[in-house]
Amino acid sequence: MVTPVAYMTYNPSEENFAQFSDIGVNLFSFGVYLGDQGINSESGIKPFRSGFFKAYDEYDFTEVDKDLERITSCNKSAYIIPRVYLDCPLWWEKENKRELSLDAKGRPMRQSYASDKWREDTLNAVYEFIEHVSNSKWSENVIGYQVAAGLTEEWQYHHAYPYQYLDYSDCNLRKYKKWLKSKYGSIGQLNRAWNTNFLDFDNIDFPNPFERSFALNGVLRDPEKERQVVDFYTYHNHIMADTILFFCEKIKKYTNYERLTGAFYGYILEIMNNDYGHCAIHEILKSEYIDFLASPNSYMDARSPGIDWPYMSVVDSAKLHGKLWFIESDTRTSLTKPLKATMPHAAPDNSRYSFESVWKGPDKKLSLSLMLKGFGRILTGGIGTWWFDMWGGWFNDPDYLGLIEKTTKILEEHVKRDVRPKAEIAVFVDPECFHYFSTNHPILHELVYSQRKSLGQMGAPYHIFLTEDLELESFDVDAYKLYIFLNNVYMKESLKECIDRKIKGGGRTLLWIYLQDILSESASITGFHIKYEKDSLPVQAIYKQEVFPLAAVSCPEFSMADLANARVLAAQKDTNIPVCAVKCFNDYNSIYCTVPNLPAGLLRDMANMSKVHIYCHTNDVIYADNEYVIIHASFQVRSVYTCLQRLWCMMD
């Protein structure tokens, strides 16, 4: 058994690998590059390593061998999962201009994920790499491959500036038309769905940047008038997931299913823009060719103390599907140095990675606190991590290494005992519903991204899932007392039937936020009949003197019939018009809040009234499972700090 704690760096050194081996870390990763370009297209960052794909049928694995030797020279039994960056080399770009991703102006932005030629050429290079490893002395050390591509290696479409819409290439258009034909069967069926009069699939083109950016009614796309845009975004995200699955399936089969495969993907709680391509996480989770997925800790509030480090994705869904989730703990520390000081060959000719920006770490005391908070999330979440020593040397201190050593041992024992995460609150998000939201509208940020902060401070742990997970037999309905739905503006009939049959009962509470199920043609699953006008004035709400959201937003309103049979929990600021109400049925409760980004106090009161166990009433961050309760204080007071000191001593 391999404890899911690893060390990863862009700047491999034998000293750092040895330090982590000495404290009991036996799983390692490092970057392997096919090409010769930096990991993003916007900052000017330069390559970390030489790429091995020099030309067709010409490969150079010198740099790879050096890094494998650095790891195994100090740990002969090390387990290694290389992160293989598949972005194309510059020479390949010059020879294959028709296979590149294009923006609306025709500017190329590296490979098109729809390009079969890029896929096949890259796959052949990956096979050569696998063969090289298999025939080397490190063949038993390398236990899997993490495939990576796109912006910052995280399977995002490259861009050089915000809202540079992609991919308008011919190879992508051909595959889009093929996908549409598979979806609709005939041009007549498509015309009926789109309200168009195309003569053939060949007449179809991509929506333009204005259509992609702004919805007709401001917040949501009209499912009839804008079906073309919704379909495009479904495809746009599908092709990214399809590319990941293409490589993972081929690697799985090539290695006789004897090696792990995984990738970064599915940041639907962090990236509120479906242009990046991460909204097909449901396709990835269903695949037998994916063993693990990964994401960093959330970048919310730049890793500030006193708040939760929420997940970027639906890690509890991944567990339902038998996948391991790795959190990339790229925690800045007091030892973090600017890129130019550690890897000058990779630093851009600008101040993007300067010490004054987000790369500067906190002092040592706070660094240890944040590292411990991150570990608490991992321990109680039933997930893994790699300590991301990004530029090198971030953890080269006895106290940092001591913390990692102690926490690794705790996690190792935790895994052996098969301790399960514990929560009585389930939160649901639907990535396919992202396609109905206006791309540039801030409401999705309030509805999903920002809501995580107060979810983390409501005093009780929660699990987060895809809404469609409710239909799985493996989903434990009875485990949760409060069900929170974030962005489910459209629900399929099978899902609504499942909620009626499985969730509405047992004294459970269902919380619906903002425009739930508003696009469905049948009766609303919520039990409320809200009305929404696109030109309604922006509002804020108030609950126990706490105003939310921070910025006013345009919101729906309750019907008079709804309010006649409901209890009002919160109202608009200044007007007292109800924005949050509850209906109590015989065996369940339904709460609707027409305003997004509910404060922690309101969520906590809802949870308390739903008979959820509340660990803390002071907005402190709580993580828990069947063995541990982790507290991260929102305010540093002496009593809490002393308590944390005692907990730290207990770890010895």
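I started in the loop between β9 (144-148) and α5 (170-184), where D167 sits. I am working from a predicted model here. The peptide bond from L166 to D167 turned out to be cis, with omega near 5 degrees. Y163 belongs to the loop between β9 and α5 as well, and its phi is near 60 degrees, a positive value in a residue other than glycine. I noted Y163 as partly exposed, at 48% relative accessibility.

Most peptide bonds are trans, and most residues other than glycine have a negative phi. I found a cis bond joining F548 and P549, with omega about -15 degrees; P549 lies in strand β19 (residues 546-554). I also stopped at D57, whose phi is near 65 degrees. D57 is in the loop between β3 (53-55) and β4 (58-59), and I logged it as exposed, with a relative accessible area of 73%.

Then I turned to the core. The largest nonpolar core has 209 residues, and W155, W391 and Y483 have the most contacts inside it. Helix α8 (residues 227-254) gives the most to this core, with 14 residues. A second, separate core of 5 residues includes W309, L370, Y623 and I630. I followed up W391: beyond its neighbours within four places in sequence, its contacts include Y10, F48, P338, M343 and W359.

Last, I checked a helix pair. Helix α12 (residues 364-381) packs on helix α13 (residues 398-416) at about 10 degrees, with axes 11 Å apart, so I call α12 and α13 roughly parallel. Among the residues meeting there are L368 and F375 in α12 and Y400 and L403 in α13. By class, I have 11 nonpolar, 3 polar and 2 charged residues in this contact.

Notes. Residues are numbered from 1 along each chain as its sequence is written. This is a predicted model: local features need pLDDT of at least 70, side-chain atom pairs count only at pLDDT 80 or more; totals for chains, interfaces and linings use all residues. Side-chain values use heavy atoms; hydrogens and water are left out. A nonpolar core is a set of buried Ala, Val, Leu, Ile, Met, Phe, Trp, Tyr and Cys residues joined through side-chain atoms within 4.5 Å. Buried means under 20% relative accessible area, exposed over 50%, partly exposed in between (1.4 Å probe, protein chains only). Helices (H or I, at least four residues) and strands (E, at least two) are DSSP runs, numbered from the N terminus. Contact means heavy atoms within 4.5 Å. Axes are lines fitted to C-alpha atoms, for helices over the stretch in contact, and angles run from 0 to 180 degrees between N-to-C directions. Angles under 35 degrees count as roughly parallel, over 145 as roughly antiparallel, 65 to 115 as roughly perpendicular and the rest as oblique. Ala, Val, Leu, Ile, Met, Phe, Trp, Tyr, Cys and Pro count as nonpolar, Asp, Glu, Lys and Arg as charged, and the others, Gly among them, as polar.
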